[in-house]
Amino acid sequence: ALPISLQIANWDGSEFDPEGTAANVGSWRIMQGAESPTRNEKIVIGVETGNRITGMIWDGSSWSALPMNNLATVSQTFWWSFDVQYESQSGDAMLVWSNGSTGSAGISYATWDGSSWSAVQTITTPLSGEVKQRQIASDPNSDDIILVAKNGSSQDYALVWDGSAWGTSQILDSGG
């Protein structure tokens, strides 16, 4: 069970609203969030002190826990082993996280179109090893998203989401 709720305060452009309670997703050690370019919506994901990756979504009026929580259990609470980003054109959200695997399918992902989540799937990566760090970024002129990851052996690679599937990959550093 995740007994602790995060506290939130919305910023209206000039001041913060009174503090409120977010979804019950645990006490995060680190977190990452993104805001939809097309809807009044935010998704925040983090790793809580029990090593579980969890997330929550703001629908314009309230926060709720992601339906697929707990996403995964990771070996450390201080690695950025997750990220969230929105596609620039469609506004669909991409959520990626380390699923704890040390093989070449160590990254899971799900997409959100504003009304439903896709099934959780895995990405086949060009290198094996639990993902310790990752960053995703949206192309401002398309629905492409680039993922750059570092595994436990300090090897780096990148993959491209084309708006419908993960495809092109590039090893950036295989030596560690």
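User: Which residue stands opposite Tyr 157 in strand 14?
Analyst: That's Ala 149. Strands here are DSSP runs of E with at least two residues, numbered from the N terminus. Bear in mind that this is a predicted model, where local features need pLDDT of at least 70, side-chain atom pairs count only at pLDDT 80 or more, and totals for chains, interfaces and linings use all residues. Residues are numbered from 1 along each chain as its sequence is written, and side-chain values use heavy atoms, with hydrogens and water left out.

User: OK, how many bridges hold strand 13 and strand 14 in their pairing?
Analyst: Six, in the antiparallel sense, with strand 13 covering residues 145–151. Pairing means that DSSP finds at least two bridges between the strands. The two form a hairpin with four residues between them, and Ser 154 in the turn has a positive phi of about 60 degrees.

User: And what joins strand 14 to strand 15?
Analyst: Five bridges, again with an antiparallel run; strand 15 is residues 166–173. Asp 156 has Asp 173 as its bridge partner. This hairpin also has four residues between the strands, and Gly 163 takes a positive phi near 100 degrees.

User: Is strand 14 mostly covered or mostly open?
Analyst: Mostly covered: five of its six residues (156–161) are buried. Buried is under 20% relative accessible area, exposed is over 50%, and partly exposed is in between, using a 1.4 Å probe and protein chains only.

User: Switching topic. Which residues have the most contacts inside the largest nonpolar core?
Analyst: Ile 43, Ile 53, Leu 95, Trp 97 and Trp 117, in a core of 21 residues. Such a core is a set of buried Ala, Val, Leu, Ile, Met, Phe, Trp, Tyr and Cys residues joined through side-chain atoms within 4.5 Å. Elements giving it two or more residues include strand 3, strand 4 and strand 5 (52–58).

User: How do strand 3 and strand 4 pair?
Analyst: Antiparallel, over seven bridges, between residues 28–35 and 42–48. Gly 33 has Val 44 as its bridge partner, and six residues lie between the two strands of this hairpin.

User: What about Phe 82, buried or exposed?
Analyst: Buried, at a relative accessible area of 1%. Phe 82 is in strand 8 (residues 82–86). Beyond its neighbours within four places in sequence, its contacts (heavy atoms within 4.5 Å) include Ile 30, Ile 45, Trp 97 and Arg 134.
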